[in-house]
Amino acid sequence: MTAEKRKTINVIKEKRTVNPEVQEKRKEYVKLKKLILKALESGEKTIPQIAEEINIPIGDVTFTLMSLRKYGDVETGEIDDMDEYYFYNLKKK
Amino acid sequence: MSQEKNQKQYDVLVIGGGIAGQESGLNLANSGYKVLIVEKDLSIGGKMIHLSKVFPTLDCAACITTPKVSECARNPNITILSNSEVLEIDKKGENEFDASIEKRPRYVIEDACTGCQECEEVCPIVVDDEYQWDLVGRKAVYIPFSIANPRVAAIDIENCILCGACEKVCSADAIDFTQEMEIVNITAKSVIVASGYNLFDPTQIERYGYGKFGNVITSMQMERQLVPTRPYNSVLRPKDGKMPDNIAYVLCTGSRDEVVGNPICSQVCCMYSTKQAQLIMGALPMADVTIYYLHIRAFGKGFEEFYQQAKGMGVEFVKGKIGRIAELENGNLKLRYEDIHEGVVKEAEHDLVVLSVGILANQLPRDLFKNNNLDLDKFSYVKQIDELSNPAKTSIDGVFVAGAASGPMDIPDSISSAGAASSETASYLRRSK
């Protein structure tokens, strides 16, 4: 039963092809994820600080960072002195 | 596409698993009738399950709706088809409706999935999470939201790269890429249309900048920011993660507006905005909230007191019509509006704008019935043909309407309407025995 179930991906591969746009978006996400995680290696940062460091539009950084936070790669730190932006850290696993 | 050969028989087919569909289904199931609820989404719960709190009591919405959702799922007289859509209903005679239902594949065996989310961890794809109104990402294999029912994963095949990682990691052997679209044919003695409503798409009003300016959001996006399972760690601006301290609400976005083809009041946007304003003042005590309105319609029990309470808390209400919204360099928004009290055009700067979107009719029931005409009113809602005596009665004998499928209404009114629909359906079934 188990051996048979593990093959179902091959069944759908015969019927469907992957949309190139999906592959492209995946590459972009992976690239951005790596950049953000690398930027956080040197310590906690706010979203504008990350965006400036990696030179990526701030909206894209917010979306990706929040997704990383959702899936447990990043955690929220304290808010800055102006009570405007939170700091984010790499989550220790 | 496979055809299910064995037709199944039910007393009532309920179209829609939102609060009205659940309420009417439960009332009938508890009276001994066999009920089938067909829900287009991956989970029942409708829009209410995504809300933070309800007005004017500020009770937790999930705390009210989750027990009802569980009760529906556990009731032996209720069958739920989620991720499914009614394609066509043919009235064959008294007490005989043949329905054809499309059941879309989840690519996950519902009975086998334990909801452990191991598949989500290994999935390499991240796309917009529609259950968080695109504020954050989700994986291509995902549990729709934490209190979903059924709490079972689904694969978004359009965004799947067919890597097979989910199947490899699933210890319950629940991933099944051989699933296909099914057509389920059933017979029911009566039908309740509880297909709810759609929210207005604010991209239709270009001058408000939704979709163009990152810090202009919809009320549903703010609603998600106010729930415990929020997309962010706090209420934040989506564009740059800044904690806002000067928030504006634009009421009647896409309602009471002939230009966008929706001249009627949404019935709820005054009060849900007032509710959100109060919740924001709790979440962000230093924030200023301004509500730009045409008229405050506080018509329900406790609504006026709720409105006065918001004013007492410091929410500013400005009687003004927004002309346009412009984005400044720092991401703030400049609102140009007509101050109706003073009769002058003014400008105001805010760092987050929430568009309180209106409600539109769900077009689904329009062409559902073969050989019978389900009458709609001039705003495309299901017409109540005897509104005072039999509010759930429609133009087709044996077909009843519940909740916002018959017009914009709030949650208590939807529940009352569903109560009427279930009692009229029970009466119809008893009469025609």
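**Helix packing, chain contacts and local backbone features**

The crossing of α1(B) and α8(B) is right-handed, a crossing being left-handed if the near helix is turned anticlockwise from the far one by less than a right angle and right-handed if clockwise. Helices (H or I, at least four residues) and strands (E, at least two) are DSSP runs, numbered from the N terminus. The structure is a predicted model, in which local features need pLDDT of at least 70 and side-chain atom pairs count only at pLDDT 80 or more, while totals for chains, interfaces and linings use all residues. Residues are numbered from 1 along each chain as its sequence is written, and chains are lettered from A and ligands numbered from 1 in the order in which they are written.

Helix α1 of chain B covers residues 19-30 and helix α8 of chain B residues 411-431; their axes come within 8 Å and cross at roughly 35°. Axes are lines fitted to C-alpha atoms, for helices over the stretch in contact, and angles run from 0 to 180 degrees between N-to-C directions. On the side of α1(B), the contact (C-beta atoms, placed from the backbone, within 7 Å) is made by B:Ile19, B:Ala20, B:Glu23, B:Ser24, B:Asn27 and B:Leu28. The residues of α8(B) in this contact include B:Ile411, B:Ser414 and B:Ala426. By class, the contact of α1(B) with α8(B) has 8 nonpolar, 7 polar and 1 charged residues. Ala, Val, Leu, Ile, Met, Phe, Trp, Tyr, Cys and Pro count as nonpolar, Asp, Glu, Lys and Arg as charged, and the others, Gly among them, as polar.

In chain A, helix α3 (residues 20-41) and helix α4 (residues 47-54) pack at an angle of about 110°, with their axes 10 Å apart. The two helices α3(A) and α4(A) are therefore roughly perpendicular to each other (under 35 degrees counts as roughly parallel, over 145 as roughly antiparallel, 65 to 115 as roughly perpendicular and the rest as oblique). The crossing of α3(A) with α4(A) is right-handed. A:Leu35, A:Ile36 and A:Ala39 of α3(A) meet A:Ile50, A:Glu53 and A:Ile54 of α4(A). This contact of α3(A) with α4(A) comprises 5 nonpolar, no polar and 1 charged residues.

Between the chains, 29 residues of chain A are in contact with 26 residues of chain B. The side of chain A that touches chain B receives two or more residues from each of α1 (2-5), α2 (8-15), α3, α4, α5 (58-70) and β1 (74-79) of chain A. Its largest share, 7 residues, comes from α5(A). The residues on this side of chain A divide into 14 nonpolar, 7 polar and 8 charged. The model scores ipTM 0.93 and pTM 0.95.

Chain B contains cis peptide bonds. One joins B:Phe55 and B:Pro56, with omega about -5°, and B:Pro56 lies in the loop between β3 (35-38) and α2 (61-74) of chain B. The peptide bond from B:Asn149 to B:Pro150 is also cis, with omega near 5°; B:Pro150 lies in the loop between β9 (141-142) and β10 (154-155) of chain B. B:Asn95, although not a glycine, has a positive phi of about 60°. B:Asn95 is in the loop between β5 (84-93) and β6 (96-103) of chain B.

Chain B averages a pLDDT of 95, and 98% of the residues score at least 70; pLDDT is the predictor's confidence in each residue, from 0 to 100. Over residues 1-5 of chain B, pLDDT stays under 50. Where pLDDT is low, the predicted coordinates should not be read in detail.

Conventions
Two residues are in contact if their C-beta atoms, placed from the backbone, lie within 7 Å.
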